[in-house]
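Work through the exercises below with the sequence and the model in view. Each task is followed by a worked solution.

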Amino acid sequence: TARSGLSNLLGLLTFLKHDFFTSRQSGEQQWKSISREWNSGCLSAFFRIRALLATLMIRHTKLNIEELEPPLYQRTNVTMSKEEVKAYNTLVCAIQSNLVLTSMKGKIKSMQDSLLHRTQIEHARKAFSNVRLSCSGGTRVVPTLTRENELETIVLLDKHNIKGVKRKVVMDHIYRSIAEQLSSCMCCGMQL
């Protein structure tokens with residue numbers, strides 16, 4: 001409570017032998033006055049206590065400590081291995097595809113599936129974490145596909161009347177990804 005906090009503060013100040021409590025300053029009397037004001041809810045008690053503590057409590061930062069040497073910064077550039085580059089490119093390509101496909105106005109109404117949508121924050125964090133991991137040695141990217149998602153993909157292909165070669169390309173890409181095999185980008189030919 002505020003009353004016990006005030007008595008604790010008095011005990012600490014007495015222990016520190018603050019000048020306020022010398023007989024010359026009549027600190028005991030002043031403290032009783034502050035206590036009465038505090039207990040009655042008078043705002044001036046707060047300012048009196050704050051002024052008293054201002055002489056004791058000083059905020060120090062690392063810059064104030066002369067013995068502490070300034071930090072040394074060093075930047076090291078590390079060349080990524082071929083596997084790391086492939087993993088990075090694959091993840092970035094998947095994220096870019098999500099952003100492009102979900103932002104097509106009038107063609108696809110799937111803004112709620114975008115990594116930028118507020119409901120997808122967990123997926124966006126996971127994607128960002130995966131990109132960061134691929135840049136620091138985490139090179140094995142293994143996509144998974146549940147039976148439910150596979151059936152959903154087939155239903156969407158049927159719904160949009162995707163048949164023949166286009167359907168085979170989509171399904172081959174999915175199965176090759178699950179088997180940890182690379183597929184060529186149809187635009188640039190990069191193995192992803």
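Buried means under 20% relative accessible area, exposed over 50% and partly exposed in between, with a 1.4 Å probe and protein chains only. Helices (H or I, at least four residues) and strands (E, at least two) are DSSP runs, numbered from the N terminus. The model is predicted: local features need pLDDT of at least 70, side-chain atom pairs count only at pLDDT 80 or more, and totals for chains, interfaces and linings use all residues. Residues are numbered from 1 along each chain as its sequence is written, and side-chain values use heavy atoms, with hydrogens and water left out.

**Exercise 1.** Find which residues of α3 are buried and where they lie around the helix.

Step 1. A45, I49, L52 and L53 are the buried residues of α3.
Step 2. Viewed down the axis, these residues fall within an arc of 95° (taken from the directions from the helix axis to the C-beta atoms), so they line one face of α3.
Step 3. An α-helix has 3.6 residues a turn, so residues three or four places apart point the same way.
Step 4. On the face turned away from the buried side, α3 carries the exposed residues L43, R50 and A54.

**Exercise 2.** Decide whether E150 is buried or exposed, and list its contacts.

Step 1. E150 is found in helix α6.
Step 2. Its relative accessibility is 14%, so E150 counts as buried.
Step 3. Neighbours within four places in sequence aside, E150 is in contact (heavy atoms within 4.5 Å) with L145 and Y175.
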